[in-house]
Each structure stands twice: as structure tokens, then as C-alpha cells.
Amino acid sequence: MEAGTLEDVAVNFTTEEWDLLNPSQKKLYRDVMWETFRNMAAVGRAWDNQEIEEEYKSYQRNLRNEEVEKCC
């Protein structure tokens, strides 16, 4: 069986879709994505926790940057 990737399970919103979410929905999305990262690690993803955490933080930064760009 081939190893899964984050891209296999992630839900990617367009900027327009992200704009339609309220803050609690955005927080839920971030929480679910973090849980997904942890679950992938638990089932044998070949990353150590530091790499998973760094990828998650990078993902969060990208979302925040998109939000900032929309406001400016």
C-alpha cells in the first residue's frame, strides 16, 4: 500500500471560499488539519514530530498571508 500524503486528505479552499467562512469555521478547519497531521504521524508517516509541526505552521502562515493580502 502506498503511503498517504497531506494532499490526499487536505481540503483546500479557494480565497473566495475562505472568505465565506466565519472565524469559528476557520478555527475548526485549523484544528481538524492539526489533528490530521497528528493522525498521519501516528499511523507511520515517515516524519518526526518536528517536521509535522513545521509543515503545519507553514500551512498556517500561508493561510494567514492570504488573509492579510486580501485586506491590503
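**View 1. Asp31, at 37% relative accessibility, counts as partly exposed in this predicted model.** Because the model is predicted, local features need pLDDT of at least 70 and side-chain atom pairs count only at pLDDT 80 or more, whereas totals for chains, interfaces and linings use all residues. Residues are numbered from 1 along each chain as its sequence is written, and side-chain values use heavy atoms, with hydrogens and water left out. The side chain of Asp31 meets that of Lys27 in a salt bridge, at 2.8 Å from N to O, where the term stands for a side-chain nitrogen of Lys or Arg within 4 Å of a carboxyl oxygen of Asp or Glu. By this rule the structure has one salt bridge. Both Asp31 and Lys27 belong to helix α3, in which they are four residues apart, about one turn of the helix. Side chains of opposite charge can pair when their charged atoms come close.

**View 2. Helix α3 spans 29 Å from its first C-alpha to its last over 20 residues.** This span is close to the 28 Å expected at 1.5 Å a residue, the expected value being 1.5 Å times one less than the number of residues. Helices are DSSP runs of H or I with at least four residues and strands are runs of E with at least two, both numbered from the N terminus; the protein has four helices and zero strands, in the order α-α-α-α along the sequence. The buried residues of α3 are Lys26, Tyr29, Arg30, Met33, Thr36, Phe37 and Met40. Seen down the axis, these buried residues fall within an arc of 120°, so they line one face of α3, the arc being taken from the directions between the helix axis and the C-beta atoms. On the other side of α3, Ser24, Leu28 and Ala42 are exposed.

**View 3. Eight residues make up the largest nonpolar core.** A core of this kind is a set of buried Ala, Val, Leu, Ile, Met, Phe, Trp, Tyr and Cys residues joined through side-chain atoms within 4.5 Å. Its members here are Leu6, Ala10, Trp18, Leu21, Tyr29, Met33, Phe37 and Met40. Helix α3 gives the most to this core, with four residues. Across the protein, buried residues make up 22% of the 72 residues.

**View 4. Phe13 and Tyr29 form one of the four aromatic pairs in the structure.** Rings of Phe, Tyr and Trp (its six-membered ring) are paired if their centres lie within 6.5 Å, and the planes are called stacked under 30 degrees apart, edge-to-face over 60 and tilted for the rest. The ring centres of Phe13 and Tyr29 are 5.2 Å apart and their planes stand at 70°, so the pair is edge-to-face. This pair links distant parts of the chain, since Phe13 sits in the loop between α1 (6-9) and α2 (15-20) while Tyr29 is in α3 (residues 23-42), 16 residues apart. Phe13 is partly exposed at 32% relative accessibility, whereas Tyr29 is buried at 10%. Together with Trp18, these two residues form one aromatic cluster. Apart from neighbours within four places in sequence, Phe13 is in contact with Trp18, Leu21 and Tyr29, contact meaning heavy atoms within 4.5 Å.

**View 5. Trp34 and Phe37 make a tilted aromatic pair.** Their ring centres are 6.4 Å apart and their planes are at 50°, so the pair counts as tilted. Being three residues apart in α3, Trp34 and Phe37 are separated by about one helical turn. Trp34 is partly exposed at 26% relative accessibility, while Phe37 is buried, with a relative accessible area of 1%.

View 6. Val9 lies in helix α1 and is partly exposed at 47% relative accessibility. Leaving aside neighbours within four places, Val9 is in contact with Thr36 and Met40. Val11, in the loop between α1 and α2, is partly exposed, with a relative accessible area of 45%.

Conventions:
Buried means under 20% relative accessible area, exposed over 50%, partly exposed in between (1.4 Å probe, protein chains only).
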